[in-house]
Amino acid sequence: MTNPEFLELLDRYKKTIPEKLGTIQNLINALKQTPSEENLKNLRAFVHKTVGNTGGYGYLEASEACRQFEHFLLDKLAKPFDDFSWIDQCDAYYQNIIKGFNEQRS
Amino acid sequence: MCKTVETVLIVDDDNDNNMITSYLINKHKIANKIIVALDGLEAIQFLKNNPPPDLILLDLNMPRMNGWEFLEEYKKIDAKTKDSIIIIMITTSLNPDDKELAGKYKVGFINKPLTGESLKGAIEERETIKK
């Protein structure tokens, strides 16, 4: 997939990566500030979306990191929402997503 | 090999996905005309007011009306309109039951990331089943 049209799409997509990472960070911060089911669902929905589009543009490591994060969040959604000790673990998943994007660049 | 269809309706709220899906459709000559609906509700409204597309590529997770809700609403559309439409569900679902459920709705199922080959394969499979 290296034709000019795809490269143009890829270039456009690359420019959106900082915004996507910023959105994930903001959603994690919102969850930390207010640990609610709604905030958890918002974070999960955006991470889910990012699983799909990262993979479509060939960022397979980032897509896999997002998939693992989504799996983690779905597991938390399936349980009673009364223990928030896991929320700080979101930072490690977030760092893995950044690492996934960086590895693809190198 | 699947033939080029006239119109495809992409139903997905993610513009990044819609652009790459459109690119693959054009590259692999899957359809001559591409229409995008940003959720199930927009897709239903399109189907009620326009000639039917040949192919619908349906995302699962969408605001307002998701893929499953779309399929429920789609049941209400008259059989003649639906007769020639092939629906392929394209998701990043982690739930293995979703593929089985897609089968019950008689729609194809592909996991993202989408490739030209996976898309053509799913269309051919649905064409064969419909015959």
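Which side chains meet in a salt bridge at 2.5 Å, N to O? They are B:D16 and A:K20. A salt bridge here is a side-chain nitrogen of Lys or Arg within 4 Å of a carboxyl oxygen of Asp or Glu.

First, the ground rules. This is a predicted model, where local features need pLDDT of at least 70, side-chain atom pairs count only at pLDDT 80 or more, and totals for chains, interfaces and linings use all residues. Residues are numbered from 1 along each chain as its sequence is written, chains are lettered from A and ligands numbered from 1 in the order written, and side-chain values use heavy atoms, without hydrogens and water.

Now confidence. pLDDT is the predictor's confidence in each residue, from 0 to 100. Chain B has a mean of 89, and 96% of its residues reach 70 or more. For the complex, the predictor gives an ipTM of 0.87 and a pTM of 0.90.

On to the interface. Chain B brings 15 residues to the contact and chain A brings 22; contact means heavy atoms within 4.5 Å. About 1,700 Å² is buried between the two chains, with carbon and sulfur atoms giving 58%. That area is the accessible area (1.4 Å probe) lost on putting two parts together, summed over both. The rule finds three salt bridges across this interface.

Last, the cysteines. A:C66 is buried (under 20% relative accessible area; over 50% is exposed, in between partly exposed; 1.4 Å probe, protein chains only), at 0%. A:C90 is buried too, with 0%.
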